[in-house]
Amino acid sequence: DDHSQFMDADSYEQLNKETGGGFSGVGIHITLRNSVLTVISPIPGSPAARMGVQPWDRIVAIEGEPTEDITMQEAVNRLTGPQGTTVHVTIYRPSERRAFELDIVRAHVKVDSIHSRMIDDIGYVRVTKFSNDTSGDLKNALLNFHNRNARGIVLDLRYNTGGLLKEAVDVSDLFLNKGD
């Protein structure tokens, strides 16, 4: 299964932090895309988001050391750390064909799995990942839209970083009839 993987103890601990609601770091979801450390999405309100880090930015160096051949766990270990400490990163932004450096101060990052708001009379909800209670949080947002007489909803799954299969299924169950 392309969407399953073996997790060692460190990876499992990191998954629990991410799906449990918070951690201390710069606040980005990352992946190795063609062996290049790539930002999937900055976490809204995080230090990285405030510094202007964008989806698909490439982290080409951390603390002056190139990230080629870095593993995901090594990258996570180097980007997370105690609140108030700084990490120096070099970012290449393909859309602008330029590299730049940032000093990002690590902070406690709360990982909300959904972000919702009304846009005129349409409910907009972005699901960033499938965490411990994403389906419950989404159900509350949908009820809020209903109570505010939303004419429709937009469910935004762009840049979703995955997470817990059970929660993904529970979210789907909010929109699909059993057996569909």
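Guide: Let me begin with a term: a residue is called exposed when its relative accessible area is over 50%, buried when that area is under 20%, and partly exposed in between. Please also keep in mind that this is a predicted model.

Visitor: OK, so is asparagine 149 buried or exposed?

Guide: Asparagine 149 counts as exposed, because its relative accessibility is 64% and the cut-off for that word is over 50%. Asparagine 149 sits in the loop between helix H4, residues 134-147, and strand S11.

Visitor: What about the phi of asparagine 149?

Guide: The phi of asparagine 149 is positive, near 60°, and this residue is not a glycine. As background, most residues other than glycine have a negative phi.

Visitor: And what is the phi of serine 35?

Guide: Serine 35, which is likewise not a glycine, has a positive phi of about 65°. Serine 35 belongs to the loop that joins strand S2 (28-33) to strand S3 (36-42), and with a relative accessible area of 59% serine 35 is exposed.

Visitor: Switching to charges, how many salt bridges does a search of the whole structure find?

Guide: The search finds seven salt bridges. Among the residues involved, Asp57, Arg93, Glu96 and Arg98 are linked in a network.

Visitor: Why would side chains like that pair at all?

Guide: In general, side chains of opposite charge can pair when their charged atoms come close.

Visitor: Then take me through the network, please. How far apart are the closest N and O atoms of aspartate 57 and arginine 93?

Guide: Those closest N and O atoms of aspartate 57 and arginine 93 are 2.8 Å apart, and the two residues form a salt bridge. This pair links distant parts of the chain, since aspartate 57 lies in the loop between helix H2 (47-50) and strand S4 (58-62) while arginine 93 lies in strand S6, 36 residues away.

Visitor: Are those two buried or exposed?

Guide: Aspartate 57 is buried, at 1% relative accessibility, and arginine 93 is also buried, at 6%. Both words follow because the cut-off for buried is under 20%.

Visitor: And where does glutamate 96 come in?

Guide: Glutamate 96 forms a salt bridge with arginine 93, with 3.8 Å between the closest N and O atoms. Glutamate 96 is also bridged to arginine 98, and there the closest N and O atoms are 2.5 Å apart. Glutamate 96 counts as partly exposed at 39% relative accessibility, and arginine 98 counts as partly exposed at 37%.

Visitor: What about proline 94, where is that?

Guide: Proline 94 is in the loop between strand S6 (86-93) and strand S7 (98-105), and with a relative accessible area of 29% proline 94 is partly exposed. The C-alpha atoms of proline 94 and aspartate 57 are 6.8 Å apart, although the two residues are 37 residues apart along the chain.

Visitor: Let's go inside. How many cavities of 30 Å³ or more does the structure hold?

Guide: The structure holds one cavity of 30 Å³ or more, and the volume of the largest cavity is about 40 Å³. Its lining consists of Val26, Ile28, Ala48, Val53, Ile59, Leu79, Val89, Ile91 and Ile104.

Visitor: Last one: how far is proline 66 from lysine 178 in space?

Guide: From C-alpha to C-alpha, proline 66 and lysine 178 are 49 Å apart in space, and they are 112 residues apart in sequence. Proline 66 is placed in strand S5, residues 65-66, and at 56% relative accessibility proline 66 counts as exposed.

Conventions:
Residues numbered from 1 in each chain as written. Predicted model: local features only at pLDDT ≥ 70, side-chain atom pairs only at ≥ 80, totals over all residues. Heavy atoms only, no water. 1 Å grid on protein atoms, 1.4 Å probe; cavity = no way out; pocket = protein on both sides within 12 Å on 5 of 7 lines; lining within 4 Å. Points joined across faces, edges and corners; volume = space filled by probe spheres on them. Helix = DSSP H or I, 4+ residues; strand = E, 2+ residues; numbered from the N terminus. Buried < 20%, exposed > 50% of the residue type's maximum accessible area, 1.4 Å probe, protein only. Salt bridge = Lys/Arg side-chain N within 4 Å of Asp/Glu carboxyl O.
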